[in-house]
Amino acid sequence: MFRKAGYFIGFSVLFIISIFFIACSKESAGASNGIVKEHKKAEAVILHKNTALYKEVDEVMKVQKNNANIADIVGWKNKVKEALRYDNVKRNFALIDIDGEDYWVQTVFVASDAVPGVIIGNETILYSKPDITKATSSIIPEYSLVAVHPDTESEIFVSISAYVDGEKPYSVEQKFIKKENVTIFYDDVQAMKLYTIANAAENEVVKRELLKNALELDSGFKYLIRKELGIEDESDDNYDPDYYEEEYDEPEEDSDY
C-alpha cells in the first residue's frame, strides 16, 4: 500500500519546504504554461467543484455566471451573514475576494485560515479533538481535496475542513486527522485538482487534456492519472512520495516535529 518511510516529516517543515519547492518550480517551468502558478499563502480555500458565486442585490443573493472551483485559493473578508438566496431559501454566506473583486459564497463551501491539501490515507479517520482517544466513526475518502488549517497543528494531528460528495454529501468542519494522511505539496494539490475536474467533465477530449496536464506535474499521483488515461503502470502503490525522498533529508530524531 503506502510507502511512508522518509516522507512523513513535521507538518510545519513540510509547509516551509513546499513554499521553497514552489518557488523553484515556478522559476524552472515559467508562468506561461498555465499549470504551475505561484502558490500564494491562502486566506481561504474553496471546498467544492463549481461553487456558485453571488452578488447581493436588494438584499437577495443573486448567482453569477462565473464560479469558483475546488481547492481554489481566495481572499477572506471576515464577514459572514445569513441572507435570502435567489430561490427564497435562507443560507449562510461568507464574503470572499477573487482577483480583487468581492463575491459571496455559501459558508459550507469555503474554509478560512487554510491551505489546500489532498487526503492520501485510504482509511483516514476523523477525530473530534487532537487526541488519540477521540476517534469518530467517520472516514474521509482517499484523494479528497480538503482545506488544511496549519495553525491547528499538534505533534500528531492537524485539522481539516471539507465538503464530501457521495450519495449523502456531508460537510466536515475543523475535524482532526493524523498528519501522515494528508499532503499539501503544491504539485500534489494541483494534480488532484485537475484529476477531479477532469473526471467531472462531460467532454472526453477536455477530460483527456486535463489529465495530460495533471500528468506533467511532479506529483505522487502519476500512477492514478496514467491509469485513467489507459497508460500501463507497474506501480503497486496508491500514493508515491518517493520523488521527495531524493530532494529532502529526513529530520534528525531530536528535531522539532
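This note covers the nonpolar cores and the salt bridges of a predicted model.

1. **Main core.** The largest nonpolar core has 21 residues. Leu145, Met192, Phe221 and Ile225 have the most contacts inside it. Three helices each supply at least two residues of this core: α2 (186–200), α3 (204–216) and α4 (222–229). The largest share, six residues, comes from α2. As a rule, nonpolar side chains in soluble globular proteins tend to be buried together.

2. **Ile225.** Which residues does Ile225 contact, leaving aside its neighbours within four places in sequence? The partners are Ala191, Tyr195, Leu211, Ala214 and Leu215. Ile225 is also listed with the residues that have the most contacts inside the largest core.

3. Another core lies apart from the largest one.

4. **Salt bridges overall.** The count comes to eight salt bridges. In general, side chains of opposite charge can pair when their charged atoms come close. Three of these pairs are taken up below, including Glu56 with Lys81, Glu153 with Lys179 and Glu228 with Lys207.

5. **Glu56 and Lys81.** Their side chains meet in a salt bridge, at 2.7 Å from N to O. The pair links distant parts of the chain, 25 residues apart. Glu56 sits in strand β2 (residues 51–57), and Lys81 sits in strand β4 (residues 73–85). Glu56 has a relative accessible area of 34%, so it is partly exposed. Lys81 is partly exposed too, at 25%.

6. **Glu153 and Lys179.** In this salt bridge the closest N and O atoms are 3.2 Å apart. Glu153 lies in the loop between β11 (145–149) and β12 (157–164), and Lys179 lies in the loop between β13 (170–178) and β14 (182–183), so the pair ties together parts that are 26 residues apart in sequence. Is Lys179 buried or exposed? Lys179 has a relative accessible area of 4%, so it is buried. Glu153 counts as partly exposed, at 22% relative accessibility.

7. **Glu228 and Lys207.** The side chains of this pair meet in a salt bridge, at 3.0 Å from N to O. Glu228 is in helix α4 and Lys207 in helix α3, so the pair ties together parts that are 21 residues apart in sequence. Lys207 is buried, with a relative accessible area of 15%. Glu228 is partly exposed, with 31%.

Technical notes
Residues are numbered from 1 along each chain as its sequence is written. This is a predicted model: local features need pLDDT of at least 70, side-chain atom pairs count only at pLDDT 80 or more; totals for chains, interfaces and linings use all residues. Side-chain values use heavy atoms; hydrogens and water are left out. A nonpolar core is a set of buried Ala, Val, Leu, Ile, Met, Phe, Trp, Tyr and Cys residues joined through side-chain atoms within 4.5 Å. Buried means under 20% relative accessible area, exposed over 50%, partly exposed in between (1.4 Å probe, protein chains only). Helices (H or I, at least four residues) and strands (E, at least two) are DSSP runs, numbered from the N terminus. Contact means heavy atoms within 4.5 Å. A salt bridge is a side-chain nitrogen of Lys or Arg within 4 Å of a carboxyl oxygen of Asp or Glu.
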